Structure formats: C-alpha cells, structure tokens
Amino acid sequence: MLKSEKGTAASLRLGRGMEQWSERHLRYLMLAPTVVILLALTIFPSIYMFYAAVHRVSPNPDLPWTFVGVDNFARLLTDGQFQVALRNTVVFTVVAVSIEFLLGLGLALLLDKFIRRLTFLKTVLMIPMMLPPIAVAITWKLIYEPQFGVLNEIMFRLGLPIQAWAGDVNLAMFSIIVADVWQWTPFIFLLMLAGLASLPVEPYEAAALDGASSWRQFWDLTIPFLKPVIAIALLLRVMDALRLFDLVFILTGGGPADRTKVLSLYIYQVAYRFADPGYAAAISLFVLFVTIVLSTWFMKRMRLAE
Amino acid sequence: MVRKLCLALAVAASALAMSASAWADITILVPSGSEGDGLRAAAADYAKLKGTKVETVQAPYANVFEQGANAGATKSGVFDIILMDDPWIPFFAENGHLEDLTSYFKNAGVEGPDNDFLSKSLAICRNPYNEGPYVCLPYVGNAQMFFYDAAKFKEAGVEAPKTWDDVLKAAKMLTEQGGGRYFGYVFRGGQGNPVVADFMPIFWSYGANMFNEDRTKVTIDTPEGAEAMKMFMALRDVSPKGVESYNANEVGTAMAAGTAASSINWPNWVATFEDPSQSKMVGKISYSPIPAGTKPGSSEIGHWTMGIMAASKNKQEAFDFMMWATSPQQIRISAERGNPPVRASVFTDPELTKQEKFRHYPVLMQAIEASTPRPRHPKWPEIENAFGIELSKAVAGTIKPEEALKNSQAAVEEITGIK
C-alpha cells in the first residue's frame, strides 16, 4: 500500500471514530450546559443558604463569617418585625385564597354550561393571570391613587367619601387582597372548569332518577369528584400567596404602619437593605419549612379523604 | 455537519459571553432618573473626548445600593465607580467597599478637591463626616427646599412663610377652603425612607437630633423631638387623605397639578414644575429654604456622590474620570442637563441665574449651606427603616406621637447598641 493511501485510510478511521464518539456522547454534551446551569442556580444556592443561615455574614468582605449555630433561628422568636410580617402573610394567604377559591368555583359552576361555546370569554377571563405581576401592581396603584385614581373619582361622582385605598391602615391589606383576587381568581376558575368538564355523567343521571336535589348532587357528587383538582388549586395558590412580593412592594412598601409587611418583603429588606444575608437565609428556610409541612399535610389529608 | 456547526456556535457564544463583561475601561453604576441620566451623558462625552470605553449601568434607586453592596461584599470589581446617595457613604466606606482617594489626589499634585466646591458638599464626601479622608467626590447638589404657591399663601394671609407656624396657618386655611379637593400642605408619608426624609427637616428645625454631639446617646425621645412631632402631626391633619402612602411622585404630582399649596421637595422637581407639558403651575411655585421652628430651619442634604469601588481594576482611570466629571465646566454642563450643581462658580454664574429655569439657584445654594446630613452611621438603612415604621404608625394614627418617639428611641438604641 502506498504511503498516501495509508494516510487516507488512517484519517478515514479517525473521522469515523470521532463520528461514533460524537454519536454516543453528543446528547450528554448538549445536556451538560443545562445541567450545569441547574446545579448552579438551584443546588448551590440551596446549600449556600443553609450555610449562611448558621453564620453571621458581615457586609465587609475582609471579615470572616462567624459560626453562630441556631442564633439566627432563635432571633425569629424575638424579632417583632418578623412576627408582624408572619401574621400579615397568614392573614393575606387565608383571606385571599379563600375568596379566590369561592369566586373561582362559583364562576366555574355558573358558566360551565356556556363557557365551552364562549371561547372569547374564556380568553378574556385569562388575561389578568397572564399579566406580569409588576404590571398588575402598577395598574392597581393608579386605580387606588387617592387624588387622581379612577376608584376615588367614581366614589366622588357618586357622592361617597373618597378613601386612601393603599394608605389607610384599615384598607391597605384589603386593597392588596382585591388586586390579588382580580389576578388569580381566573386561575382557580380555569382549573375548576377543567375539573367540571371531566366529571362522569352517569352518577348524576342515577342521582336525578333517585330524586336527589341539585344541592345534594353538588355536595355529594361534584365536590368529592373535584377534590383532587381543588387540592392542587389550593396548594398552588397557597404556595404562591406565601411568596407575595410585587403587589406589596409597589402598592404600599409594607406600610402604612407595617400593616402590609409580608415575609417576602421582610426577607428582601433584611438581605439587601440591612445587609444581613445570614438572618435573611434563616427566615427563608423558615418559610420553606412551613411550605413543605403545609403541602405535605394538605396532600395527606386529601389522599385520606379520597 | 450541522452538529459540528452547533458545537462551534456554542463554543463561540460561551467565549463571547465570558469576554463581554470585560470590554469597558470604566464601568459606572448610576441610578435611574435625572442624576443617572446626567452622568451617563457625561460618560458618553468622555468616551468621545478621551477614547476611553465607558459603560454605565443604570438601576432604580434602591437597586443601586443593593448592587453596589453586593459588588463590594463579593469584591467582584464589576463596577469601577458608583454614584451614591450620600447617606450610603458610611456603609460603603466602613465596610471597605470604597477606595480612599488621598493617594490619588497626591499623585495628581493636589491636596484634595478645590475650594470652588461648597463646603457642605465636600464635608459629606469625607468619612468620618468632615474629618476623615475623601472617599468620593460630589456630583449632584441635592438639598431639600420648601416649595409653595405664593399666590395661595398670600390669599391665606402669609406673604412668605418663614416659620412652620406660618406654613401651618396658611395650610390650615387653604385645606378648610379646599373642600377635600385642595390642600395646604402635602408630604411623603410612605413608610421608611419617604416619611423619614420629610420629617427630619422639621425635627432639626425644633433643635432635635437623632444622637447627641459625641454619639454616646440616642436623643429622639426629647422635648425638642416632641415639639417637632406635634408640628408634623398638625401638618398631617391639613394634608390629603392617603398621604400615609405618598412618595416623591405623589407629592410632586399634587404640586404640579395644583391640588396642594406647599411641600418639602428636592430641587430636581423644579424642571417638572416649570414644564408646561407636565405642570399646571408653571411660574407659580416659589422656593424658599426650610422654614424655622424654634431653631433655624435646615434642609436634609441628599447629594449624589461618585466613589471608586475598592475592588475596581481600573482605579486610576476611574479617578481621572471623576476629576474630569466634577470640573467646573462639566458641573456647568451637568446643571444645564437638569442636575443641581455642587460648585459656587456654577451657582453664581450669571449666564445661568438669569434664566427662569435656574431662578431657584440662590435659594438652593443657601439650602445646601444650611443643610444637615442624615445621621452618619453604617447601619443607617436599618435605622431609617425602624424610625420610618414608627413615624408611619404615628401618621396613620395607630399609635400616639409620643409612643412613636419612645419606640423609635428604643429601636435605634437596639440597632446601634448605644444606650
């Protein structure tokens, strides 16, 4: 065999080898960036958060982190601002999610028969939840503006006293709940609508033959059938409500008089305004713990009920 | 072939991403709004003039602090210069985020900034205040002024308000006549920075202060503090409903729309008030220094200052830019772009002061010279938050004013460790 022919055969073998190697490993190569990014954005920050939560972290980079054990967690018991934020978060979550659930379910039951034909209406109802939370917050800020806001203009024209919707201590939390209900009721509504569409017809026909009233059918058939959907809807909304930030940040900044300060806003303040990431990590872990406990308990209850 | 092309593209994209952050000679972190816009424009001029690549990163007010603090804590060196609000200086300086400028002045053959800068503007750039080395240079000469509708005040029997009693007298009458649609006074009552910013000048006007001279005692809950609080509450009673959530925008809008007769505000609002496309009050708003209480009135100083980040890799280039940007010529250009100056020669430049849009300059210069800095403490953001919560409660009426003072005293003692 000539020298040049040998060389050509060798390079062909090498090329084929590379192709086979790339055939076998390319999928891993292509996946690698995503895996690396996921590790960097989820696993590493979680470990870092646990580590920070047991340290006093100085904003001065030349000072070492001091191990403080559970001190940051113990602070939660005596920190008045944390307790206020916790109470406000619980109030917001319970009230907002309850209203959203009742309205969403009620609307779904009312419109179940018609909505399948009215796709336009379904699209319109979906708009609020498609909007970025920051846009929703700014829109409601303009609506609530005491001097120039549309809500007070209507009140004034109707001869009713104008209100400081986001500025009054008795109305501020209510105003945030209204904005949240406006945005997230469609989410519950759509889930309930999907649940209602999947209900079997036979049990209702049998119940009707047995003379069961509509109320009886709703209570003994619809609700039990819908339970898995209800569980998912409530769980998702509760988890989201516990993380409320945008509406409060834009509408009230946690005021007036701390009446709307929620946990996410307080964590943000502690971490970035007061430069105390160790304590902020401890509060975040507390919220994470509460969310896990709550969701586990909730799912267990729903499974037992099934 | 397609696979090979994909791989090549991925490698090229990664290389580009890695080098993108390193293209500029100087990177400057600036706030949104006129202050940041002004420095950004100056940076573009500098780049053209000197051939230096200058990158400006613009962020909302609170995010500038956060990004600066993060960059400082991680020694990332991502920013070479930060345009800071002056109450942040102790935090940045005492946590080692700012470069001491002494050696740079020495290398430039000067002892420090020249005497054309206003003395109060320079005092805030030293840490500790007015004593330590320079850690920044002043760029935007903000200090609060008192804004009022002179015609309305005259109708209410007050020619030019000299004291807070004058303001209250006129404001009370105007609010009573306003029928719930017009108010004699408006202020930033929003929890945190807003309410503290609008309370401090009144607090100082009654001889109160947050700490005693040698910083061994917190002095919020004092008879002077109580008098200031009494006036603040009286002014609240003649302000619009909802003032508890007001920030600068709401106050500025109320003044520009002619629904409020007076307020404390920052000078950058002058441009809005004098712009017919944004204001119904063009030529109608008068400016004065902060009214007196039992002591002469004093504005809160709120300068924007440029400092070099300690982790910067381009410190000399950054210093050269700062010296150029704060030269008399550049401060004059900055003034024409809408930012209040920090140099006496620009404040008194007849070419500027004869123009209607700069008619507030004599008052502003006086306000800066009579100004007081917010208490200089590295934990100021935390102190401001705690004080702001108690003031917000008092404004909202959920606690008595005297309770707000007592609680603030306890909270600031707890934060600072000063008992």
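A: Two residues are taken to be in contact if their C-beta atoms, placed from the backbone, lie within 7 Å. The model is a predicted one, in which local features need pLDDT of at least 70 and side-chain atom pairs count only at pLDDT 80 or more, while totals for chains, interfaces and linings use all residues. Residues are numbered from 1 along each chain as its sequence is written, and chains are lettered from A and ligands numbered from 1 in the order in which they are written.

Between the chains, 25 residues of chain A are in contact with 29 residues of chain B. On the side of chain A that touches chain B, helix 1 (3-53) and helix 11 (263-273) of chain A each supply at least two residues, helices being DSSP runs of H or I with at least four residues, numbered from the N terminus. Helix 11 of chain A provides the largest share of that side, 3 residues. By class, the side of chain A that touches chain B holds 13 nonpolar, 9 polar and 3 charged residues, where Ala, Val, Leu, Ile, Met, Phe, Trp, Tyr, Cys and Pro count as nonpolar, Asp, Glu, Lys and Arg as charged, and the others, Gly among them, as polar.

Helix 1 of chain A also contains A:Val35, which is exposed because 10 other C-beta atoms lie within 10 Å of its own; the cut-offs are 20 or more such atoms for buried, 12 or fewer for exposed, and partly exposed in between, with C-beta atoms placed from the backbone. From A:Val35 to A:Pro61 there are 26 residues in sequence and 30 Å in space, C-alpha to C-alpha. Chain A is divided into domain 1 (3-40) and domain 2 (76-305), bounds that come from an automatic or database domain assignment, and the C-alpha centres of these two domains of chain A are separated by 52 Å.

In chain B, the assignment gives domain 1 (19-135 + 304-341) and domain 2 (145-300 + 377-416), with C-alpha centres 30 Å apart. Where these domains of chain B touch, domain 1 contributes 8 residues and domain 2 contributes 7 residues. Helix 4 (residues 89-94) of chain B gives the most to the domain 1 side, with 3 residues, and that side divides into 4 nonpolar, 3 polar and 1 charged.

Elsewhere in chain B, helix 9 (residues 193-205) and helix 18 (residues 380-396) pack at about 80 degrees with axes 8 Å apart, the axes being lines fitted to C-alpha atoms over the stretch in contact and the angles running from 0 to 180 degrees between N-to-C directions. The two helices of chain B are therefore roughly perpendicular, a term that covers 65 to 115 degrees. Their contact includes B:Val196 and B:Phe199 of helix 9 and B:Phe387 and B:Leu391 of helix 18 of chain B, and its residues comprise 6 nonpolar, 3 polar and 1 charged.

Not counting residues up to four places away in sequence, B:Ile28 touches, among others, B:Leu39, B:Val54, B:Phe79 and B:Asp80.

Methods: Parallel < 35°, antiparallel > 145°, perpendicular 65-115°, else oblique.
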